[in-house]
Amino acid sequence: MKRWLLRVIILAAICAAGYWAAGVLFPSPERVIRKRFAEVAKLVSFSANEAALAKLFNTQKLSGYFSPDVEVVLDVPGRFQNSIVGREELVRAAVAARNHVTALKVDFPDVIVTVSPDRQTATANVTVTAVIAGERDLFVQELKCNLRKLSGDWLLTRLETVKTLR
Amino acid sequence: MTCIEHRHPRHSVEAEKLFHLLWRVVGAPQDQPNVMACVIWPPSQHWRSLNRENDSTQAGSRKPSPPWWRVALIGRDPRVTFIRLTITVVLIILIRQFALIPVRVKGISMLPTYKDGRFSLVNRLVFVFHSPRRGDIVAVRLRAGENVMLMKRIVGLPGETVEFRDGELYVDGQLIPEPYLKLPSDWNEPPKLVGTNEYYIVGDNRSMPPVYHEHGCAERWQIVGKPL
C-alpha cells in the first residue's frame, strides 16, 4: 500500500515538474506579455540618484517595447491630457517626464491579456500604480493596451487611459 | 455484595496497588470477585503524578519522546500536523477568495476616516444580504483585477442626481448632512444622474481639488465589499 502510494506521489511530482518546465521553455503569449509589462515597469521607474547616463540608457531601452507607429492617448484630468504618436515622440516625452519628476516607482499589479485567435495581436487591460516623489497620494490609472507581434517580440501599438468611474 | 469495578485505561500499576492497599485498609476481603472501586476520573493530582512516574519508568514498553526541536517543527505526529496544515491553508484560501480580503490603505483621499498605511479587511459577503446603502464605505475594483481597489464612500444611489455646492452634498436637490466630513471642502460639481445600476462614490477628504480626487459613478459589479 505504501509502495503504491509512493509511486503515485512520485508520478504526480514528475508531472508537476514537467508542466512547470513546459511553462518555462514554451511560455504562453499571455505570460510573455505579462513579463514584458513587468520589464516596462522596471524601465519606467527611476530613483532620485539615478545617473544621467542610466536615465538615457533606460529611456532608449524602453523604446524597444513600442512599435514605430505607437499611439498613446492620455486623458488624466489635472495631470496630462495629450496624444503622442510615434516612438520618437514617445521617447522625447519620456525624457521630459524624467526631468520633471525626481523619482518615480511604477507598477502594473493587474494585467489581463486577451490574445487574438491568430496569436499575432493582443489586448491588455492594465492597472497602473505610480508613486511620484513629493506626492502623498498613490496614482492609480487603468489603461487599455493593444499589442502586436513584430519580429518575434510583442510590441505596444496603442495605449489609452480608461476612466474607472463614470 | 455486587459491586462494579471500573478501571480507567491509564491507571498505573502503582495506582492499582495503592487501591488494593486501601481496600485492605477498609477491611474488605481479598478474595471478593467484584470490588466496589471508585471511578478514578478525572484523575486526582496524586494519580496523575503516579501515572507520570509510571510512564517514565516503563521505558521498555514505550517509544522515547522525540527531541523538542522536532516537536516544535513537525509536532508529535507528522501526519496530524500535515492534515492540520492542509486544512488551515485551504481555509485561508477559501476565506480570502470568498469572504475576507486583507487590504492596506494607500493614499489620503479617505482621511480622516482611513489613514494612509492602515490595515483592514474587506468583507465580500456583506452585500449578499442587502444592497449598498448611502454612507457605506466600499471597496471598488478596477476592470483589470482586484489587486488594487478604490476605497470610497457611497453618497448617491441608483437613479438619484448628485451635485456639490460650496462643498456640500445635494441629492435630488436635498442637502444631505455628512457628519463624517472633518476637513473643509469647497467643491462645486454639476448635477450628475446616477445610472440604474450605479452608485456615486467619493472620498471623505475633499480638502483637495476635485480634479485630483477620484470620484464618480461606479457600476454595481465593481463594488467588491465593505471594509470592517
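A:E71, A:R158 and A:E160 are joined in a network of salt bridges, a salt bridge being a side-chain nitrogen of Lys or Arg within 4 Å of a carboxyl oxygen of Asp or Glu. Across all chains of the whole structure, the search turns up 14 salt bridges.

A quick word on the ground rules. This is a predicted model, in which local features need pLDDT of at least 70 and side-chain atom pairs count only at pLDDT 80 or more, while totals for chains, interfaces and linings use all residues. Side-chain values use heavy atoms, without hydrogens and water, residues are numbered from 1 along each chain as its sequence is written, and chains are lettered from A in the order in which they are written.

| Pair | Distance |
|---|---|
| B:R143 and A:E142 | 3.3 Å |
| B:R141 and B:E146 | 3.7 Å |
| B:R165 and B:E163 | 3.1 Å |

Let's start with the pair of B:R143 and A:E142, which form a salt bridge. This pair crosses between chains: B:R143 sits in the loop between strand 3 (137-142) and strand 4 (145-156) of chain B, and A:E142 lies in strand 5 (residues 139-150) of chain A. Strands here are DSSP runs (E, at least two residues), numbered from the N terminus.

How buried or exposed are the partners? A:E142 is buried, at 3% relative accessible area, whereas B:R143 is partly exposed at 31%. Buried means under 20% relative accessible area, exposed over 50%, and partly exposed in between (1.4 Å probe, protein chains only).

B:E146, which meets B:R141, is partly exposed with 27%.

How values were computed
Helix = DSSP H or I, 4+ residues; strand = E, 2+ residues; numbered from the N terminus.
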